[in-house]
Amino acid sequence: METFIHQVVAGIATGGVYASLALALVMIYQSTHHINFAQGEIAMFATYMAWTLINAGVSYWLAFTCTILLAFALGVLIQRIIIRPVENAPVLNIVVVFIGLLVILNSIAGWVFTYTIKAFPSPFPKEPPFGLHFISSHELGSIGVTLVLLLMLYGFFKFTPLGLAMRAAAQNPDSSRLVGIRVGWMLALGWGLAAAIGSVAGMMIAPVVFLEPNMMSGILLYAFAAALVGGIDSPGGAVLGGFIVGILENILGAYVIGTELKLSVALVLIIVVLTIKPAGLFGKVIVSRV
Amino acid sequence: MSSNLPSHEKTIPWIWLVLGLLGACALPFFITNYHVFQVSMVLTYAIALVGLNILIGYSGQISLGHGAFLAIGAYTSAILMDKADMPYWITIPIAAAVCLVVGFLFGLPALRLEGHYLALATFALAVSLPQLLKFKHLEFLTGGVQGIVIMKPEAPWETLFGLKLNSDRWLYFFTLAVTVVMFMIGWNLIRGRVGRALIAIRDQPIAAASMGINTPLYKSLAFGVSAMFTGVAGALSAILVAFVAPDSFTVFLSITLMVGMVVGGVTSLPGALYGALFIQFIPNIADQISKAAPWAIYGVMLILFMYTMPTGIAGLLRLIGQKLRPTHP
């Protein structure tokens, strides 16, 4: 029983990471209807920035904060420079540009930081918290960080004028422009926020999977699955989807199919959701007029 | 899909085609064996790119997972040669048939998906496939992480018209013959009834359906045929390299195919050849700078081509051809 509880708790911990990345995907999807294939690589790149800072002697939490700000800037820059010219292009062009971005970030990371696996420190103590032995401090800490992040985002979108403007720009760009919202910049801000959230996810998962340029491909897949399970246009659904996928992955990995086929779980989940219930648990069912 | 894509190819200048084929037949006697092998690989990539072109260019369905079909073709061929002791040339039609079926079946759920979602599902396929190939309960077939080593086929004759033939040269001619056949199949498919139906579905799905085109059938068929081309390419590459392993079929292979198609030219058969040349030779040159450099160049190329010439090299050549030709009165 105790191992079962531990599996569930570990699932919640990694689920939190999936939830954050899924949230980043949903944010970009909501405002532009694009699925950002480069989201994982942006998070990976940000994690390398944090690693560089920590190795230069900066304390963990300072490096953590700096990385979030840097990732934010990176996201805004990418949107302004690379994504904007193809905003209204056909789907194929946009997908190709995203893939190009994925490849560029991946190879620059490989070029600058080499492909050798690096250990990434966890800010949380090594011994289990409060003498509990079904949860490690890092797991508890990363659940905590995820929850704080989600609360802050909720507050931002719900209670600040900027958050309101961003929601308006995503929902109805034309009317927003008429009331004086700079829609282009709201999109850039969305990209920045998504990159920042992704960077937190990267820093939380890096101590578990170790740091290397390809560390995010599997995690991105789970984040996709999470976003789809919850509904790709529902932020709350993405978060719940993240936890569901995290727990499912751990339970299935431990008891049913073993760890070797974990990625196939994500594939099957994606295909099943897309074919049976494309809107996900909480997404809006889209009816298109013929 | 964009409407700036050409709806059909111009007639090919036959004289160039014949000269090209003659040149291709003479080529292996003038270059080293390693280069012969490289050119054979170019041909296999070209076949795969024709397949990808039929799917993405002509039927407008985006796949980021064609490396998976390449893997299925390669493994089918390798397993049949290794476990069933089949001669290499029989394995190619079998690999084609297997991929046709698998592709068609994958195309069925893919019918419900469009654009980004289809890209996503196929991306997931490409990411998760190596893990499946390494799976220990399939190891008796796939050889697990180690992969399968197969015998490189020998040339059936010592000489050909008085010219010395060796394994590499023979396989080159074999590959060339398969390539010519596959290009002819592709060419006939595209300019015939099927091709027109696919283009109609891509540009005006609703109008196409109301004209009586069986949209779901044609879309799944496009997936199957595209997978079949890619499977043939996979089988050929397995025979050429004489080795298959899960790690040669990562998601980056699928992205490589994507790069080849974008650079060569979407919706263009000759473009498949240009794209294949690009993905075979550019990484070799870039490798001298850094191990990561080929991918950096790939990425930059992807974005640059999408900005400046979405129709790729083939589109550029077509444009130059139009500029050079005297304008019609």
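A:Arg80 sits in helix α3 of chain A, residues 60–83. Helices here are DSSP runs of H or I with at least four residues, strands are runs of E with at least two, and both are numbered from the N terminus. Keep in mind that this is a predicted model: local features need pLDDT of at least 70, side-chain atom pairs count only at pLDDT 80 or more, and totals for chains, interfaces and linings use all residues. Residues are numbered from 1 along each chain as its sequence is written, while chains are lettered from A and ligands numbered from 1 in the order in which they are written.

**Around A:Arg80**
- A:Arg80 counts as partly exposed because it has 16 C-beta neighbours inside 10 Å (20 or more would be buried, 12 or fewer exposed, with C-beta atoms placed from the backbone).
- From A:Arg80 to A:Ile117 it's 37 residues in sequence and 32 Å in space, C-alpha to C-alpha.

**Where chains A and B meet**
- On chain A, 38 residues are in contact with 42 residues of chain B (contact: C-beta atoms, placed from the backbone, within 7 Å).
- Helices α4 (91–113), α9 (216–230) and α11 (262–276) of chain A each supply at least two residues of the side touching chain B.
- The largest share of that side, 15 residues, comes from α4(A).

**Chain B overall**
- Chain B has 14 helices and four strands.
- Its C-alpha trace spans about 55 × 50 × 40 Å along the principal axes.
- Of the 329 residues of chain B, 51% count as buried.
- Take the contacts in chain B between residues at least 6 apart in sequence: 78% join residues at least 24 apart.

Definitions and conventions
Contact = placed C-beta atoms within 7 Å.
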